Structures are given as C-alpha cells and as structure tokens.
Amino acid sequence: MAFVSSMKADGAEHYSDPRSVGGMLLKAGIITATQAEEISVYREGRGIRFGEAAVELGMISPEALEDILAVQFSVPGRSGRRDLHEDLVMVHRPNSREAEQFRSLRNTLTMKWFRKSGVAPTLSIVSAQKGEGRSSVAANLAICFAQVGLRTLLIDADMRDPRQHSLFGLDDRYGLSGYLSGRVEEAAYYSVNGFNTLTVIPVGGLPPNPQELLLRPSLEELAKSAAENFEIVLFDTPAASEGTDYQIISAAAKGAMVVTRERRTRIGAATRMINSLEDIGVSVGGGSMLWGWTPRLRPCAG
C-alpha cells in the first residue's frame, strides 16, 4: 500500500496543476478526482502520458484528448467546434494525415508563392469539374493560415453552388453578391469564432446573373482592398464546367491554384482550364487532390 500511495503522490503532479492535461480534464468535469488518481497510477506504471493513460483506460475519448491538447497548446478553432462541418479536417481531425498534408501545402504556398517579390497575397482555388474538393481545400487552407496567426480572408465567389457558409456555419443572407450588385456599400465580413485571424465573406443571396456581377469593377476593387488589409486572401470559385466565372475571379486574384482529384478529374478538362487561365495572364499553380484530401502543390511557371 505504501508503494501505491507513493505512486499516487507522484502522479498527482500531473493533475494538480490546472494547466496540465489532468488538471484541465478535472476542471472541465470530464474526469473525477478518483479517476485522476487511478489514471496517475496507471500512467506511472506504463511510463506514458496522462492523457494517453486516460484514453487507454477508457475514461476519455481520443477526441476529448485532442480538444484538451488543442486548448493547452492554444490551437485556434479546435476545441468545441462541433458546429463546423466535418469536411474541415483542420478542426475535427488535426492530427490526421490529411491535416498534415494541408499544413505542408500551406508551407509550400508560403515559401514559393506568397513570399515571391511583387506577388499579391491573393489566390483563387479552381478546379475543372464539380466534386473535386475545391471548396473544402479553400476552407482548410484558410484555417491553416489562420492557425499560424496570419490575417486570412476567405471569399466565397461561387455564386452558383456556394459552400463556405455551410462549412463554417455562417449566415448566408448577406455577402459578396449584395456588394457586387451595389445593394450594400461593403461586403459582409464574418469573423469565425475560435479563429482570431480568420474572416469569411459568404456569397449571400444567389443572383440570376453571376458573370455580369463578377465583371463589375467592384470585384477587382474588393481584391485590391483585401490585399491591403489581409496577409492571405483566398477565393473559392465555381468549377470550370459551370462557365467562365473562374477566369474572371482568377484574373482579379492575379493567381490560381488548381485542385484535381484522382480518378475523377479529366486530364483534358484540367489542361484546357489551365491553358485558359494562362492565356489571360493568370499565374497558375497545380495541386493534386486525392480522396480524403491529400493535396500536393506543383508550382508552374507563369
């Protein structure tokens, strides 16, 4: 019994500190003090971390541990964000292979695109066809940039089949369409709770004439203003198969990142889209999008 008591006393250090994983679990009411002592004994005996021991004992779920760790390490947007769409892997599965690949894509974009001399911090996310993951890529990338403290603006310019408002759980009554049509003086900027540096402009009401609205000078004015006030600006666009909206948006953004999806994207369609962008002077980067979001950026000349 003396041995067990000693183990409890040593292990208590792992939950007596309110900043520790054990202390945070206790404060949140996820475990009891008795369970904390049991976890500590088990932890010491196995030589593992407190949170890992709690999961192995079945006292907390792996998801609960991820939430606590996110709070402990100040990861924006992770804890308690069940209101956000499950496609946002950076929020719901931050330790997954897919999330790590988004981080890798963010880093590549930062080093090879946004830090290039004379390049505006604006980029459109384009794909040849619907269902290739374009909107999810744009949303997860925006979260990636925001998580490292960069002031990030995500503009949903897909006025045919918008998704960003549903991904982030935002009000879609006001947005880009109202601004481009002149019904409001400013676009609706929505801050995303849990992300101090992430802002989203949803589409708002669906207009009957999206191309005509996009061709108005106000789109380029918005892109210019965004580049002056944000460090990263991403535009979600309609698929190329839906029309030439993506060209207009990419021209305003000055650059485009192509998203493709294995076993779905048609090479001919993607090639035609890339050629059309380069023909109008848009710098193009390529990305490969496998099922489960595994993007790989392939910068192109331009």
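Predicted model: local features only at pLDDT ≥ 70, side-chain atom pairs only at ≥ 80, totals over all residues.
Helices are taken here as DSSP runs of H or I spanning at least four residues, numbered from the N terminus.

Helix 14 itself is mostly covered, with eight of its nine residues buried. The buried positions are Asp245, Tyr246, Gln247, Ile248, Ile249, Ser250, Ala252 and Ala253. The elements that cover them include strand 1, helix 12 (210-214), helix 13 (217-229), strand 5, strand 6 and helix 15.

Two packed helices are described by the angle between their axes and the distance between the axes. The axes of helix 14 (residues 245-253) and helix 15 (residues 267-279) approach to within 10 Å and cross at roughly 45°. With this angle, helix 14 is oblique to helix 15. The crossing of helix 14 past helix 15 is right-handed. On the side of helix 14, the contact is formed by Tyr246, Gln247 and Ser250, and on the side of helix 15 by Met273, Ser276 and Leu277.

The largest nonpolar core contains 36 residues, of which Leu109, Leu141, Phe168, Leu234 and Met257 touch the most other members. At least two residues of this core are supplied by each of helix 7 (89-92), helix 8 (97-114), strand 1 (122-126), helix 9 (134-147), helix 10 (164-168), strand 4 (198-201), strand 5 (232-236) and strand 6 (255-261). Helix 9 provides the largest share of this core, nine residues. Beyond residues up to four places away in sequence, Leu141 touches Phe102, Leu105, Arg106, Leu109, Leu234 and Met257. A second, separate core comprises 23 residues, among them Met159, Ala223, Val233 and Ile248; Ile248 is also one of the buried residues of helix 14.

Phe114 is located in helix 8. Its relative accessibility is 13%, and Phe114 therefore counts as buried, the cut-off being under 20%. When neighbours within four places in sequence are set aside, Phe114 contacts Leu109, Ala120, Pro121, Thr122, Leu123, Phe145, Ile232 and Leu234. Two of these partners, Leu109 and Leu234, are among the residues that touch the most other members of the largest core. The C-alpha atoms of Phe114 and Glu231 are separated by 8.9 Å, although the two residues are 117 residues apart along the chain.

Technical notes: Residues numbered from 1 in each chain as written. Heavy atoms only, no water. Core = buried A, V, L, I, M, F, W, Y, C linked by side-chain atoms within 4.5 Å. Buried < 20%, exposed > 50% of the residue type's maximum accessible area, 1.4 Å probe, protein only. Contact = heavy atoms within 4.5 Å. Axes fitted to C-alpha atoms, helices over the stretch in contact; angles between N-to-C directions. Parallel < 35°, antiparallel > 145°, perpendicular 65-115°, else oblique. Left-handed = near helix turned anticlockwise from the far one by under 90°.
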